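Please read them with the coordinates open.

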Amino acid sequence: GDAMPLSGTRCAADVQADTVDEGVGADDGEEEGMVGACKRAIHYSLEHFLPEQAVFFAEQLVAEQPRCSEARRLLATAHLQSGDVARARALLQDGLVTHTDPQLRYLSALCSLRLNRPEEAEAALLSGPRQATGPHDVPGGASGLYLLGQAKERLHMRAQAMECYEQCLDLCPFMWCAYERLSALALDEPPAGPARAADPGARAFAEQRFQAERFRRHDVLMASRGVGDEGVRADAAADEG
């Protein structure tokens, strides 16, 4: 409604004030100040689940930097959070930067799957500057392999879907969604709703893969938390003590 732009303007003003306090001011140019303010306002809006406000600032950012992959990623993310998957897909399908940017290819595949376009999702994940030849070439790593498995399932490519889920679990053993689909395909069961913790499959997953020590120190989770080798060694020393 009418309050949204006012809220966004106030947030942008706060962001610009913070930027000046940190020593990034007029000397860095008006355009750079606007870009930085928009980015911080977008992150603030997404973090606080204000997607319409995030869209507003992301559109300003794209207008300032029309070929910037980060600007497009932020706008697509805002559209996704607002539930406008079709608009996010349209933004990602125009081909300016999506082809070479793995994050945009991942988002494009996600949008295509939500719109039941598995062929597009598969193409987004397997295309790029170089053809994907192994699990590490798929954008998003384990998450991308899970999306690829979903696309293969919908294309009735059961064996390839199972292979994607197996590779996903090789990279990230805690990927329950891949384990669930792999188990269902192995048993030739149709897709089911979310499993409960008391289900036999969930218990088996917990026993085999969701062990606290292994889960806590997995490379992917450490990277997402910004924890390096020193953090792992510190944890190990604390456990031994």
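1. His156 sits in the loop that joins α8 to α9. This is a predicted model, and in it His156 has a positive phi of about 60° although it is not a glycine. With a relative accessible area of 74%, His156 is exposed; the cut-off for that class is over 50%.

2. Helix α8 covers residues 142–154 and helix α9 covers residues 158–171; their axes lie 8 Å apart at an angle of about 165°. The pair is therefore roughly antiparallel, since angles over 145 degrees are counted that way. The crossing of α8 and α9 is left-handed. On the α8 side the contact is formed by Ala142, Leu145, Tyr146, Leu148, Gly149, Gln150, Lys152 and Glu153, and on the α9 side by Gln160, Ala161, Cys164, Tyr165, Gln167, Cys168 and Leu171. By class, the residues of this contact are nine nonpolar, four polar and two charged.

3. Which residues does Cys164 touch, leaving aside its neighbours within four places in sequence? They are Leu145, Leu148, Gly149 and Lys152, and each of these four is listed for α8 in the contact of α8 with α9. Cys164 itself belongs to helix α9. Its relative accessible area is 6%, so Cys164 is buried, the limit being under 20%. The C-alpha atom of Cys164 is separated by 8.6 Å from that of Ala178, 14 residues away along the chain.

4. Ala178 is part of helix α10 (residues 176–186), where the buried residues are Ala178, Tyr179, Arg181, Leu182, Ala184 and Leu185. After α10 comes Asp188, whose phi is positive, near 60°.

5. Helix α8 also packs on α10. The axes of α8 and α10 come within 10 Å and cross at roughly 30°. This makes α8 roughly parallel to α10, as the angle falls under 35 degrees. The crossing of α8 and α10 is left-handed. Tyr146, Gln150 and Glu153 of α8 meet Cys177, Ala178, Arg181 and Leu185 of α10. The classes here are four nonpolar, one polar and two charged residues. Tyr146, Gln150 and Glu153 are also among the α8 residues in contact with α9.

6. Elsewhere, helix α5 (residues 85–92) packs against α6 at an angle of about 140°, with the axes 9 Å apart. The two helices are therefore oblique to each other, because antiparallel packing would need an angle over 145 degrees. The crossing of α5 and α6 is left-handed. Val85, Ala88, Arg89 and Leu92 in α5 face Leu104, Leu107, Ser108, Cys111 and Arg114 in α6 across this contact. Six of the residues in the contact of α5 with α6 are nonpolar, one is polar and two are charged.

7. Is Ser112 buried or exposed? Ser112 has a relative accessible area of 0%, so the residue is buried. Its place is in helix α6, which spans residues 102–114. Apart from neighbours within four places in sequence, Ser112 contacts Gln93, Arg117, Glu120 and Ala121.

8. Phe49 lies in the loop between α2 (30–47) and α3. Its phi is near 55°, a positive value in a residue other than glycine. Phe49 is exposed, with a relative accessible area of 64%.

9. Helix α3 (residues 51–64) has 14 residues and should span 20 Å at 1.5 Å a residue; its end C-alpha atoms are 20 Å apart, which agrees. The buried residues of α3 are Pro51, Gln53, Ala54, Val55, Phe57, Ala58, Leu61 and Val62.

10. How many helices and strands does the protein chain have? There are 14 helices and zero strands. Of the 241 residues in the protein chain, 36% are buried. Among contacts with a separation of 6 or more, 51% come from residues 24 or more positions apart.

Notes: Residues are numbered from 1 along each chain as its sequence is written. This is a predicted model: local features need pLDDT of at least 70, side-chain atom pairs count only at pLDDT 80 or more; totals for chains, interfaces and linings use all residues. Side-chain values use heavy atoms; hydrogens and water are left out. The expected span of a helix is 1.5 Å times one less than its number of residues. Buried means under 20% relative accessible area, exposed over 50%, partly exposed in between (1.4 Å probe, protein chains only). Contact means heavy atoms within 4.5 Å. Axes are lines fitted to C-alpha atoms, for helices over the stretch in contact, and angles run from 0 to 180 degrees between N-to-C directions. Angles under 35 degrees count as roughly parallel, over 145 as roughly antiparallel, 65 to 115 as roughly perpendicular and the rest as oblique. A crossing is left-handed if the near helix is turned anticlockwise from the far one by less than a right angle, and right-handed if clockwise. Ala, Val, Leu, Ile, Met, Phe, Trp, Tyr, Cys and Pro count as nonpolar, Asp, Glu, Lys and Arg as charged, and the others, Gly among them, as polar.
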